Amino acid sequence: MPSPDGMLSQDERKQIADAMQSRFTNAICPWCSSPNWEVGLVMATTTPVGPGGTTNLNGQIMPQVTLVSPCGYIASFSAAMMGIQI
């Protein structure tokens with residue numbers, strides 16, 4: 001579980017890195033073609049959008065973990081699928 005400010009622990013970051021390596025053995029950045037990725041420091045989330053583009057804070061959220069390539073490209077993945085609980 002991330003800290004109150006959303007930061008992932010070293011153990012959680014390693015768990016995510018291990019999960020990604022077991023699922024994607026040849027993950028290449030679509031922008032810079034680098035095979036090198038870092039696990040993001042924080043857990044992110046999506047926010048549902050309501051009518052007219054308003055933010056719907058009463059809806060469900062989808063916690064995500066991110067991988068960041070050297071060029072700054074960010075790939076997001078379901079935290080639940082990576083075994084991270086909130």
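**A walk from the pocket to the aromatic pairs**

Helix α1 (10-23) and the strands β1 (38-39) and β4 (74-78) each supply at least two residues to the lining of the largest pocket. Keep in mind as you look around that this is a predicted model. Of those contributors, α1 gives the largest share of the lining, three residues.

How big is this pocket? Its volume comes to about 360 Å³. There are 18 residues lining it, and the closest to its centre are M20, F24, A27, W37 and L67. If you sort the lining by class, you get 13 nonpolar, four polar and one charged residues.

Two of the names near that centre, F24 and W37, turn up again when you look at the aromatic rings. The count comes to two aromatic pairs. Start with F24 and F77, whose rings sit 5.8 Å apart centre to centre, with 45 degrees between the planes, making the pair tilted. F24 is in the loop between α1 and β1, while F77 is in strand β4, so this pair ties together parts that are 53 residues apart in sequence. How accessible are the two partners? F24 has 41% relative accessibility, so it counts as partly exposed. F77 comes in at 22%, which also puts it in the partly exposed class, because buried means under 20%.

The other pair is W37 with Y73, and this one is edge-to-face: 6.3 Å centre to centre and 70 degrees between the planes. Here again distant parts of the chain are linked, with W37 in the loop between α1 and β1 and Y73 in the loop between β3 and β4, 36 residues apart. W37, at 24% relative accessibility, counts as partly exposed, and Y73, at 29%, counts as partly exposed too.

Now move over to strand β3 (residues 62-68), where you'll find Q64. Is this glutamine buried or exposed? Q64 has a relative accessible area of 12%, and since the cut-off for buried is under 20%, Q64 is buried. What does its side chain do for a polar partner? The side chains of Q64 and S76 are joined by a polar contact of 3.4 Å. If you set aside the neighbours within four places in sequence, Q64 is in contact with M43, A44, T46, S76, F77 and A79.

Conventions: Residues are numbered from 1 along each chain as its sequence is written. This is a predicted model: local features need pLDDT of at least 70, side-chain atom pairs count only at pLDDT 80 or more; totals for chains, interfaces and linings use all residues. Side-chain values use heavy atoms; hydrogens and water are left out. On a 1 Å grid over the protein atoms alone, a cavity is a set of points where a 1.4 Å probe fits but cannot get out, and a pocket is an open set with protein on both sides within 12 Å along at least five of seven lines; lining residues have an atom within 4 Å of a point. Grid points are joined across faces, edges and corners, and a volume is the space filled by probe spheres set on the points. Helices (H or I, at least four residues) and strands (E, at least two) are DSSP runs, numbered from the N terminus. Ala, Val, Leu, Ile, Met, Phe, Trp, Tyr, Cys and Pro count as nonpolar, Asp, Glu, Lys and Arg as charged, and the others, Gly among them, as polar. Buried means under 20% relative accessible area, exposed over 50%, partly exposed in between (1.4 Å probe, protein chains only). A polar contact is a pair of N or O atoms within 3.5 Å; within protein, one must be able to donate a hydrogen and the other to accept it, and residues adjacent in sequence count only if both atoms are side-chain atoms. Contact means heavy atoms within 4.5 Å. Rings of Phe, Tyr and Trp (its six-membered ring) pair if their centres lie within 6.5 Å; planes under 30 degrees apart count as stacked, over 60 as edge-to-face and the rest as tilted.
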